[in-house]
Every structure is written in C-alpha cells, then in structure tokens.
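Reader: Could you walk me through how to read a few local features in this model? I would like the general idea, then the case at hand.

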Amino acid sequence: MSNVFYHALGKVEHWPELSQIHPASLTYDDILIMPQSETKIASRRETDVSVQFGPFRLQKPIVTAPMDTVSGEKMAALMHRLGGLTFMPRVFIDEALAACERLQKAKIDAVYSIGLKNAVANATSFKKLGAKAILLDVAHGGMKEIIDTAAEIQQQLKLTVIAGNIVSYDQAMSYKRAGLSIARVGVGGGGMCITRLVAGAGFPQLSAVFETVASGLEIIADGGIRKPADFAKAIAAGARVIMVGSMLAGTEEAPGEVVGGVKKARGQASEDYMKDNGSKMGEFRSAEGIMTMVPYKGSAEWIINDLIGGLRSAMSYTGAKNIREFQSKAQFVVASLAAQGEGVAHIQNDNSR
C-alpha cells in the first residue's frame, strides 16, 4: 500500500501522521494522486493490472457486488471473459446452488454468497459443486458470530472464506487473528445504500481502506466508486480488488428486463429486496437501501474498460509497470474543495454574443 502524502517542496508525510487533515476523515474526493518525476512508462499499454486474489488469478482487479440487480450468470460470464470476477448474490439456496452448478459446468469462476443461517451446510454444498470461495455476506462484519463462523468454515472445509463488511484496523486484526485472509471493506458508501442516514453508522471509505490494509489482509474496497479516479485511488491505497455495484446497474448483463428504456436496481437492504426474500419490515428492521429505476446502459464491458483505463493512466503518471509498483510509488496530495472543483470540466458556453 501507499500511505505517502506529498506536503510541499519535496517533503512528504505518512498516513496516519498527517498535519493537514484528520486521518480517519478521507474519502476519494479528498485526495489526488501526485504525478511523479522522470517516469519511464511510455504507454499505458505497458502496464500490467493483474492481481492474485485469494485462489483466483485476475487479469483485472475488479469484482462485482453481490446484488441481485447487478450480478447474475450473464455478468459472471462477462467478468470471466474480461478477467474479473463476479460475486453472486444471496438468494434462496436451491436457486443459488443451481446457478453454481451451471457456472461450474461452463468453467466460470464466481464467489457465492451465504448468510449466517445454515452457513456451514450451505458452504459445504457449494464446495461439493466445485466453488473455490464463498462470501459470508452480512452488513456488520464486526460481529463475533461472523468471525467465528467464517473461521469454522475455513478450517473445516479448506475453502476460502471472505467476510465483512468492516472498516477499521481493529476489526481487520480480529479477522487476521481468526485466520481469515480477505475482508470486504466499507459501510454506508454504496450507491444504493442509506445506512449512514438510517443507522448513523459508517466510515469514510478511503480511510477505511488505509485502516484495513494496514492489517496485512487482502482488501476488497466496497463502496464509494463513482468514477475511474476513485477506482485508481483505492488500488493505490492498497486494495487488492475493487467491488463495483451501482455503476453496473442497468447494463445488459445485469439481471432484469428492460422496460421503457430502464431497468430496476436495488440495494440488498432495500424494502423491495426484503419483501421478495421473506424478510419483514417492522420495529426491529429498517430498510438501509433503496430501489430505483436506472436507464439502460448497454453492455457493462464499456464501464469496466473505462475503470481499468483510468487505473492504467494513473499508473503511467506514477511510473508504475504493475500494481505492486503502483502501490509503492504512488503519493497522494490533499485536495481542497476549490481544488476538487478545479478538477472537473468547467468550460462556459457564452451564447450572449
């Protein structure tokens, strides 16, 4: 990971010892990647963006979110072809196992999501079908039961178990002590998530990446990705892969039909999702996600290419040939609100003359 922040006149500081800003307050818009001197990357084509992620060798450090309006078998096939990976959503177990069997027959890797209920039995069923990894998909990954269950599955089945979501160094270290190696990081930053508005819980996403990467775990940066620059910044900060959800909603490969030029998109904690999956709203449960309709976008391939193109460009600005070099050479600079505004297209069309 890079935790180097440029100060001025060649001097640098290291996160979390920052003089300009609180280290736990950073989001992607708060920083920029510093262009470096005397770089030797003549073309973005020279950059290698492949990574080892758990048992998977990925040609691109991108995974899709386990949302039922984003990730399905068509998305898994596309991600397989492009060199990424799909996280299949939590659905009724028979449906999930049938999808796993079909994907395994097509030799398409995916990560399969389960909850705490019947976790060991369900993980066993997925392993029998050939799955290499599962996600223990629970909103608050800091619960002791999550850690204990993930460790139990991993020890009993020799299966890669990914858990989360977490945001802090202490949470990440509790995973590491339990023998876990991969964590999903981010609370409240997703495009269809309202946890911070409902529960008041969350953590600025870039700081969450810094915090958890410091533990030595492999980190999935999940949430807050709205543009290619965010993707590149998360990788520079040490994330192994980036999880993308709402950006891919409305694409051809996302599950659902196009009706009137739009497709449904919803968070897994939305009231709409819970109604369809047997959960009831009431005194002990509030919706922490939304449902919306998004314009049909065509293939997800162009979105993925745009994200990876931004990453390659960022690597060329730092003179990095591969992800490891990028994470060691990258330096950040804190961007004021004025600097953030300066960085967007601001041409003015004056038609008065």
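Reader: Which residues does asparagine 122 touch, not counting residues up to four places away in sequence?

Author: Asparagine 122 touches Ile93, Ile114 and Lys117, where contact means heavy atoms within 4.5 Å. This is a predicted model, in which local features need pLDDT of at least 70, side-chain atom pairs count only at pLDDT 80 or more, and totals for chains, interfaces and linings use all residues. Residues are numbered from 1 along each chain as its sequence is written, and side-chain values use heavy atoms, with hydrogens and water left out.

Reader: Where does asparagine 122 lie, and is asparagine 122 buried or exposed?

Author: Asparagine 122 lies in helix 3; helices (H or I, at least four residues) and strands (E, at least two) are DSSP runs, numbered from the N terminus. Asparagine 122 counts as buried because its relative accessibility is 16%. The cut-offs are under 20% relative accessible area for buried, over 50% for exposed and partly exposed in between, with a 1.4 Å probe and protein chains only.

Reader: How should I read a pair of packed helices?

Author: Two packed helices are described by the angle between their axes and the distance between the axes. Here, the axes of helix 2 (residues 93-105) and helix 3 (residues 119-128) come within 9 Å and cross at roughly 20 degrees. Axes are lines fitted to C-alpha atoms, for helices over the stretch in contact, and angles run from 0 to 180 degrees between N-to-C directions. Helix 2 and helix 3 are therefore roughly parallel to each other. Angles under 35 degrees count as roughly parallel, over 145 as roughly antiparallel, 65 to 115 as roughly perpendicular and the rest as oblique.

Reader: Which residues of helix 2 and helix 3 meet?

Author: From helix 2 come Ile93, Ala96, Leu97 and Cys100, which meet Asn122, Ser125 and Phe126 of helix 3. By class, this contact has five nonpolar, two polar and no charged residues. In that scheme Ala, Val, Leu, Ile, Met, Phe, Trp, Tyr, Cys and Pro count as nonpolar, Asp, Glu, Lys and Arg as charged, and the others, Gly among them, as polar. The spacing has a simple background: an α-helix has 3.6 residues a turn, so residues three or four places apart point the same way.

Reader: At what angle do helix 8 and helix 10 pack?

Author: Helix 8 (residues 228-236) and helix 10 pack at about 55 degrees, with their axes 8 Å apart. Helix 8 and helix 10 are therefore oblique to each other. Helix 8 contributes Pro228, Phe231, Ala232 and Ile235 to the contact, and helix 10 contributes Asp306, Leu307, Ile308, Gly310, Leu311 and Ala314. The classes in the contact of helix 8 with helix 10 are eight nonpolar, one polar and one charged.

Reader: Which residues have the most contacts inside the largest nonpolar core?

Author: They are Phe53, Phe87, Phe231 and Phe326, in a core of 104 residues. A nonpolar core is a set of buried Ala, Val, Leu, Ile, Met, Phe, Trp, Tyr and Cys residues joined through side-chain atoms within 4.5 Å. Helix 10 (residues 301-318) gives the most to this core, with seven residues. Leaving aside neighbours within four places in sequence, phenylalanine 87 has contacts that include Phe53, Val63, Leu135, Ile162 and Met243.

Reader: What should I look for in the backbone?

Author: Most residues other than glycine have a negative phi, and most peptide bonds are trans. Lysine 107 has a positive phi, near 60 degrees, and lies in the loop between helix 2 and strand 8 (110-114). Lysine 107 counts as exposed, at 68% relative accessibility. Asparagine 118 also has a positive phi, near 55 degrees, and sits in the loop between strand 8 and helix 3.
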